[in-house]
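Q: I have a structure open and would like to go through it with you. Could we start with the charged side chains and then move on to the packing?

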Amino acid sequence: MPSTSNFIDVATIWLHAGKGGDGAVSFHREKFVAAGGPDGGDGGRGGNIVFQADPNLSTLMDFRYKRKYTAPDGENGRGARQKGKDADDLVIRVPRGTVLKEAETGLVVADLSGDAPVIVAKGGRGGWGNARFATPTRQIPRFAKPGLPGEDMHLTLELKVIADVGLIGFPNVGKSTLISTISAARPKIANYHFTTLTPVLGVVRVGPEQSFVCADIPGLIEGAADGVGLGHDFLRHVERCRLLLHVVDVSGCEGRDPKEDFEQINHELEGFSTELATRPQIVLGNKCDVATPEQVEEFKQFVEAKGLTFVPISAATRQGVDALPALVYSRLKELPPVKVFEAEYVKPSLVDAPTRPFTVERTGAHEFTVDAPWLERILAGTNVEDYESLQYFQTQLGDSGILDELVRQNVEEDDTIKIGEYEFDYVY
C-alpha cells in the first residue's frame, strides 16, 4: 500500500496584526526658546497581515507546524514631533487557489487565485502625540493617545486546486493512466485502490498556443460526501473545474456495474454541492480494450439517454485518447472561466454597530462597571493627575453617552465607577 501523503489542503491559523505605536507626551525645550509648547509625535501604524499567492507552493504543509502569525507593532512617537516608524507588513505566502474563510462562520474572506496580495488583518492606527491636543485654551496637554490594537482573526485555509478539467471516478478506473497519457504529469500508477493520494495537475497541449489544465482527483467511493474514504478530503478540488471528465470502467472487470458506479459518483457530487452536480460532464468509458462491444454499446445508450457525451477509450492502449484533448478544448471554449469565490465575510467593525460601543452594569450596591475597550485606550494615555488631561477624559465620557447611562441607572454621588483597571468616585 502507498505511504501516508504529506499533502495538506486544510489548515487553521490565528492572525494578530500589529498594534499602533503610542503617541508621545513631550515639550519643546531649547535654550533661549521660551514656552516651546507640546511637541510629542504620533505613533507609527502597526503591521498588516498580507496573503500572497505563490505558484511555487502546492500544499499547506507549513501551516501544520505554525498556527499563530503576529505582525510587528508600530514604533512609538518621539519628541520634536517625530512620528514613529510604521511597522513592516507580515506577508504570508500560500499556494495559488487557497481560499481563506473566517473559522467560526465559514464565510469566505478572500480567494487567492490571482497575483494581487490581499490585506486580511489590518494593523492598528498609531496614537496621537500631545502636540495634536494643543488648543488656545489647552496649551499644555499632558496626555497623548495610545496606539490602537491590530485586528485579530481566526482563519481556515482551504486549498482548492485551479484546473479547467477534473477527472473523477471510482478508484482504479484508470484516471492516473489517462492523465499521464494526455499530459506530462507522472502520477503513481499501480493496481490497487487509492494509488493517488493527492490531486495531480497536468497541462494538456492541444496546439501551439492552446492548452488546458487537467486535475486527477483521488478516487471517490460511496459515502465520500459524508466523509468516507479519501473523497471527502478532495471533493473540494473539483469545485473550480469548469468541465468534469467522468471516467468509468466500462468492462466491469472488477465485478462492478458501470451504471451503478456512474450514478453513485454523481450522487456523491450532489451530496457535496448541488452546484457541482450540475457541472458539465463528458463520460469516458475506459478499458474498452477488455470490454465486449455489447458492454460498450449498452453503457453508451445509458449515458446518451441522460443527454451526456460518451467517449469510449482505453488509456492503456491509447484507443480514442489522441482525439480527446481537442474535444475537451472545444467544449471548454463554450464554458465560463474558472470559478473564483467571492468574499462574503464582513468584519464586525463594518457592520451597523456603534463606533464607540459600551455597556454599563451595576456590580454592587454602590458600584458600576463600564465595559468600553476604546475608552480604556483613551484612559491609558491620560494623566489623571493633570487637570486638563482629566478634563479631556471627562469630555469623552459625556460625548459617548456613558454619563447619561449612569444617571439613567440611578448613580449616586461617591459611587464607585470601574473602567478597566481604574476606579473613580462619581461626583456631580
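Q: Is Asp 86 buried, partly exposed or exposed?

A: Asp 86 counts as partly exposed, at 34% relative accessibility, where buried means under 20% relative accessible area, exposed over 50%, and partly exposed in between, with a 1.4 Å probe and protein chains only. Please keep in mind that this is a predicted model, in which local features need pLDDT of at least 70 and side-chain atom pairs count only at pLDDT 80 or more, while totals for chains, interfaces and linings use all residues. Residues are numbered from 1 along each chain as its sequence is written, and side-chain values use heavy atoms, with hydrogens and water left out.

Q: Which side chain does Asp 86 meet in a salt bridge?

A: Its partner is Lys 83, at 2.8 Å from N to O, a salt bridge being a side-chain nitrogen of Lys or Arg within 4 Å of a carboxyl oxygen of Asp or Glu. Lys 83 is also partly exposed, with a relative accessible area of 46%.

Q: And what does Asp 111 pair with?

A: Asp 111 forms a salt bridge with Arg 240, and their closest N and O atoms are 2.7 Å apart. Asp 111 lies in strand E6 (residues 108–112) and Arg 240 in the loop between helix H3 (231–234) and E12, so the pair ties together parts that are 129 residues apart in sequence. Helices (H or I, at least four residues) and strands (E, at least two) are DSSP runs, numbered from the N terminus.

Q: Are Asp 111 and Arg 240 buried or exposed?

A: Both are buried.

Q: How many salt bridges are there by this rule?

A: The count comes to 21.

Q: Which residues have the most contacts inside the largest nonpolar core?

A: Those are Val 165, Leu 178, Phe 212, Leu 284 and Val 328, in a core of 36 residues. Such a core is a set of buried Ala, Val, Leu, Ile, Met, Phe, Trp, Tyr and Cys residues joined through side-chain atoms within 4.5 Å. A second, separate core of 23 residues includes Leu 112, Val 120, Leu 157 and Leu 159.
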